[in-house]
Amino acid sequence: MNERTISALRGIFGGRLATSREDRVCYSFDATGKEHLPDAVAFPETADEVRRTVLLANELRFPVIPRGAGSGFSGGSVPVRGGLVLSTERMDRILSIDGENLVAVVEPGVVTGTLKEEAARRGLFYPPDPASFRFSTIGGNIAECAGGMCAVKYGVTRDYVLGLEAVLGTGEMIRTGVATMKGVVGYDLTRMLVGSEGTLGIVTKATLRLIPLPESTGTLLAFFRSNGDGSRAVAGMIGERILPCALELMDRTAIECARSLVDLPVPEGTGCALLIEVDGPKSSVADEARGVEEACRRFGAIEVRRAADAEGRERLWTLRRSISPALRKVNPVKINEDIVVPRSQLPDMMDFLSELGARQRVQIVTFGHAGDGNVHVNLMISGTDEEERRRADEAVSEVFRKTVELGGTISGEHGIGISKAPYLAMEVGPLGVSVMKRLKACFDPNGILNPGKIFPEEQAVRA
C-alpha cells in the first residue's frame with residue numbers, strides 16, 4: 001500500500017486510520033498466535049465508510065481483512081498478505097430490541113455478552129454463547145457461525161440470524177433475509193453469508209432472533225472414571241431423550257489445569273467430568289435435574305454434584321471457561337482443533353484420541369460441547385522441538401481423517417481460515433472446493449476480501 005492509497009484512506013477515516021508499527025502489531029494476530037503485519041488499520045463507524053473502503057480497494061487493488069475482536073482460532077482475521085485490517089469495534093450499537101416481535105437489530109461490533117445482557121434485562125434470550133462471549137463480537141460470531149455451550153438444545157449463530165446488511169467484495173451493499181419468522185423469497189443469501197469468514201462480504205448490520213428467557217436453571221457436575229465412560233453417558237442420555245441446554249465434557253488434564261484457577265475438590269479415580277445444565281419453567285427444572293443425576297449414576301458416574309445457588313452455578317461455569325487459557329500449564333504451544341462427530345460415535349473418537357496421543361507421543365487434552373458431538377482437541381507441545389511438531393502435525397491429519405470417517409466435520413465452530421485450509425478438500429471434496437471458489441468469484445471478483453483464506457494456494461480468486 002503506497003502513499004496514494006494511505007492518503008485516500010485518510011480521506012475516508014481521518015484520524016481513525018492507524019499506520020504506526022505499534023498500532024499495526026495489535027491487529028496482526030488472533031487467538032491462533034499466527035502473526036502477519038497489516039499495512040494499515042481502519043476503524044469505520046458507518047456502513048457507508050465500509051462501502052467506500054471496498055470500492056477504493058477495488059480501484060487501487062489492496063486486500064481488505066474484516067476483523068471483530070480477533071478472538072478466532074482459525075487465523076481468519078490475520079492479514080496474511082498485508083493490506084488493510086478493517087476493525088468493526090466502533091460499530092458497536094444495539095439499534096433496537098423488539099420485545100413484541102422477538103427481534104434485535106445490531107451493528108457488527110456489539111460484544112456478544114452485551115447483547116445477551118441487554119436482552120435478559122427485557123426477559124429475552126439470545127442463546128449463542130461461545131466461550132469468548134464476554135469479548136467476541138456479533139460480526140465475528142456471524143463470520144464464523146459461532147456455537148457454544150447451549151448449542152445442544154438451542155442451536156448455533158445461523159439459527160438466530162434473520163437478515164443481514166453487508167458490503168460485498170465489489171463495494172455493493174446487499175440486504176438479505178427478513179425481520180419475520182418466515183420468508184422464502186429467492187436463495188437464502190443470509191445463510192450463505194453466515195460462516196463465510198469475511199470472504200464474501202463484510203457484515204454491517206444484523207437482524208437477530210430472540211426467544212423468551214428461561215425462567216430457571218439447574219446445574220450439575222458429574223465425575224466419571226474415563227473419557228470413554230463420560231462420552232458413553234452423553235450418548236446414553238441423548239438416547240433416553242434427555243436434552244439439557246448444556247452438556248460439556250472435560251478430561252482429567254483439563255480439569256486439573258482449570259483447578260489451578262478455580263479450587264474444586266475432585267473424587268479419587270476421576271478421569272473425566274460432565275458439566276450439565278437444564279433450563280425451563282421453575283416447576284420442571286428440579287425434576288429434569290433429578291432425571292439427569294439419575295441418568296449419570298446409571299451410566300457409571302463416581303459422583304454427581306448439583307449447584308445449590310447462583311454462586312455455585314457460576315463457580316462451575318468459571319471452571320469450564322478457565323480451561324482454554326489454563327492449558328498452557330501443560331505446554332506453552334496449543335494446537336486447537338474443534339472436530340464434531342455424531343454423538344453415537346463420540347466414544348469411538350475419545351478412544352481413538354487416547355490411542356493417538358500415546359502412539360504419536362503428544363499430549364492431547366480434550367474438552368468441549370459433548371452434547372452436540374463437538375470436541376476441542378488440544379495438542380500441547382513445547383514449540384521448540386521440530387520432531388515433536390512433526391508428530392503433532394501428523395496427529396492433526398489423523399484426527400481429521402478419523403473425524404470424516406466417522407461421519408463428522410473437521411470444524412464445528414472455529415472455521416477454516418488459514419489453519420484448516422489445507423484440509424478443506426478432505427471433507428467437501430474437489431467439486432465442493434471448486435463450487436466455493438466460483439461462489440467467491442461472484443461475490444468478490446477481484447479477490448479483495450480476506451485473500452488467502454480458505455483457498456490459500458491462489459493469490460486471488462478471479463472471475
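This is a predicted model: local features need pLDDT of at least 70, side-chain atom pairs count only at pLDDT 80 or more; totals for chains, interfaces and linings use all residues.

Colleague: How are the rings of Phe400 and Tyr423 arranged?

Modeller: Their centres are 4.8 Å apart and their planes are at 70°. Planes over 60 degrees apart count as edge-to-face, so that is what we call the pair of Phe400 and Tyr423. The pair links distant parts of the chain, 23 residues apart. Phe400 is in helix α14, and Tyr423 is in the loop between α14 and α15.

Colleague: Nice. How many aromatic pairs does a search of the whole structure find?

Modeller: It finds four. One of them is Phe125 with Tyr154, where the ring centres are 5.4 Å apart and the planes are at 90°, so this pair is edge-to-face.

Colleague: Which parts does the pair of Phe125 and Tyr154 tie together?

Modeller: Phe125 lies in strand β7 and Tyr154 in helix α6, so the pair ties together parts that are 29 residues apart in sequence. Phe125 is buried, with a relative accessible area of 13%, and Tyr154 is buried as well, at 15%.

Colleague: Switching to helices: at what angle do α8 and α13 pack?

Modeller: Helix α8 (residues 227–239) and helix α13 (residues 346–360) pack at about 165°, and their axes are 8 Å apart. An angle over 145 counts as roughly antiparallel, which makes α8 roughly antiparallel to α13. The crossing of α8 past α13 is right-handed.

Colleague: Which residues make that contact between α8 and α13?

Modeller: From α8, they are Asn227, Gly228, Ser231, Arg232 and Val234. From α13, they are Leu346, Pro347, Met350 and Asp351. Sorted by class, the contact of α8 with α13 has four nonpolar, three polar and two charged residues.

Colleague: What about α13 and α14, how far apart are their axes?

Modeller: The axes of α13 and α14 are 11 Å apart, and the packing angle is about 160°. These two helices are therefore roughly antiparallel to each other, and α13 passes α14 in a right-handed crossing. Among the residues that meet there are Phe352 and Leu356 in α13 and Ala395 and Val399 in α14. The contact of α13 with α14 has six nonpolar, two polar and five charged residues.

Colleague: Last one: where is Arg297, and which residues does it touch?

Modeller: Arg297 is in helix α10 (residues 282–298), and it is partly exposed, at 43% relative accessible area. Not counting residues up to four places away in sequence, Arg297 touches Glu303 and Val304. The C-alpha atoms of Arg297 and Ala222 are separated by 8.6 Å, although these residues are 75 residues apart along the chain.

Methods: Residues are numbered from 1 along each chain as its sequence is written. Side-chain values use heavy atoms; hydrogens and water are left out. Rings of Phe, Tyr and Trp (its six-membered ring) pair if their centres lie within 6.5 Å; planes under 30 degrees apart count as stacked, over 60 as edge-to-face and the rest as tilted. Helices (H or I, at least four residues) and strands (E, at least two) are DSSP runs, numbered from the N terminus. Buried means under 20% relative accessible area, exposed over 50%, partly exposed in between (1.4 Å probe, protein chains only). Axes are lines fitted to C-alpha atoms, for helices over the stretch in contact, and angles run from 0 to 180 degrees between N-to-C directions. Angles under 35 degrees count as roughly parallel, over 145 as roughly antiparallel, 65 to 115 as roughly perpendicular and the rest as oblique. A crossing is left-handed if the near helix is turned anticlockwise from the far one by less than a right angle, and right-handed if clockwise. Contact means heavy atoms within 4.5 Å. Ala, Val, Leu, Ile, Met, Phe, Trp, Tyr, Cys and Pro count as nonpolar, Asp, Glu, Lys and Arg as charged, and the others, Gly among them, as polar.
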